[in-house]
Amino acid sequence: MRRTELTASPSRSCHLLPRGEKGRESPSQFGLLIGCVVLIAFTTSAQAQDVAKGADVYQDRCSACHVLNGIGQGPSLVGVVGRKAGSVPGFNYSDAMKASGLTWTPANLDRFVSGPTKMVPGTAMRAIVSDPAERRDLIAYLGSLKR
């Protein structure tokens, strides 16, 4: 029976590949394994940085209207990812937002924050985050805010 181990394929995805003839990894398989581990560590680190950068974007662009606890000029954004648009109790949404039928998925948030009035004509929201990297960071931060 051939033994298997966790290694990386040339496409940089990790999966099980057979070991070498005498149960030893070939140098290229070992290098791919190390590369895969480094790639996973880098990706995890980059995601953590995105949330921190997103907190800064929130503070700079959103906090004047949106508070994290309670109701401000805009609704609380805690728990916004996955929430139905226009559904925070006690907030007076525009008729357009209430009728939008949207759920705030990361993709919908990205589209909305890049041009709120294009996505929901009649919305009261006017702030725009035009930089795609800032939007990704902001959405990562919003996704980290749980009730």
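Author: We begin with a definition: buried means under 20% relative accessible area, exposed over 50%, and partly exposed in between. The model is predicted. By that cut-off Phe91 is buried, because its relative accessible area is 18%.

Reader: In what order do the elements of the protein chain run from the N terminus on?

Author: The protein chain has five helices and two strands. From the N terminus on, these elements run β-β-α-α-α-α-α.

Reader: What percentage of the residues of the protein chain count as buried?

Author: Among contacts in the protein chain with a separation of 6 or more, 36% join residues 24 or more positions apart. The protein chain has 147 residues, and the part of them that counts as buried is 30%.

Reader: Is the pair of Phe91 and Tyr93 stacked, tilted or edge-to-face?

Author: The structure holds three aromatic pairs. Tyr93 is buried at a relative accessible area of 11%, and Phe91 is buried at 18%. The ring centres of Phe91 and Tyr93 are 4.8 Å apart. Planes over 60 degrees apart count as edge-to-face, and the planes here are at 75 degrees, so the pair is edge-to-face.

Reader: How are the rings of Tyr58 and Tyr141 arranged: stacked, tilted or edge-to-face?

Author: The centres of the two rings, Tyr58 and Tyr141, lie 5.6 Å apart. Stacked needs planes under 30 degrees apart and edge-to-face needs over 60. The planes of Tyr58 and Tyr141 are at 45 degrees, so the pair is tilted.

Reader: How many residues apart in sequence are the parts that the pair of Tyr58 and Tyr141 ties together?

Author: Tyr58 counts as buried at 4% relative accessibility, and Tyr141 counts as buried at 12%. Tyr58 lies in helix α1 and Tyr141 in helix α5 (residues 132-144), so the parts tied together are separated in sequence by 83 residues.

Reader: Is Arg135 buried, partly exposed or exposed?

Author: Arg135 forms a salt bridge with Asp110, and the closest N and O atoms are 2.7 Å apart. This pair links distant parts of the chain, with Asp110 in helix α3 (residues 106-114) and Arg135 in helix α5, 25 residues apart. Asp110 counts as partly exposed at 25% relative accessibility. Arg135 has 11% relative accessibility, and therefore counts as buried.

Reader: In which helix do both Asp95 and Lys98 lie?

Author: The side chains of Asp95 and Lys98 meet in a salt bridge at 3.7 Å, N to O. Asp95 is exposed at a relative accessible area of 61%, while Lys98 counts as partly exposed at 45%. The two residues are three residues apart, about one turn of the helix, and that helix is α2.

Reader: Which side chain of opposite charge is nearest to Arg83, and how far away is it?

Author: Arg83 is found in the loop between α1 (27-62) and α2 (95-98). Arg83 is buried yet has no salt bridge. A salt bridge needs a nitrogen within 4 Å of a carboxyl oxygen, whereas the nearest side chain of opposite charge to Arg83 is that of Asp110, at 17 Å.

Reader: Which residue has its backbone oxygen 3.0 Å from a polar atom of the Arg83 side chain?

Author: Leaving aside neighbours within four places in sequence, Arg83 is in contact with several residues, including Ser76, Leu77, Leu102, Trp104 and Arg147. The backbone oxygen 3.0 Å from a polar atom of the Arg83 side chain belongs to Val78.

Reader: How many disulfides does a search of the whole structure find?

Author: A disulfide is a covalent bond between the sulfur atoms of two cysteines. Cys62 is buried at a relative accessible area of 12%, and Cys65 counts as partly exposed at 30% relative accessibility. The sulfur of Cys65 is 8.8 Å from its closest cysteine sulfur, in Cys62, too far for a bond. For the whole structure, the number of disulfides found is zero.

Technical notes. Residues numbered from 1 in each chain as written. Predicted model: local features only at pLDDT ≥ 70, side-chain atom pairs only at ≥ 80, totals over all residues. Heavy atoms only, no water. Helix = DSSP H or I, 4+ residues; strand = E, 2+ residues; numbered from the N terminus. Buried < 20%, exposed > 50% of the residue type's maximum accessible area, 1.4 Å probe, protein only. Lys, Arg positive; Asp, Glu negative; His and termini not counted. Polar contact = N/O pair within 3.5 Å; in protein donor to acceptor, adjacent residues only side chain to side chain. Contact = heavy atoms within 4.5 Å. Phe/Tyr/Trp six-rings, centres within 6.5 Å; stacked < 30°, edge-to-face > 60°. Disulfide = S-S within 2.5 Å.
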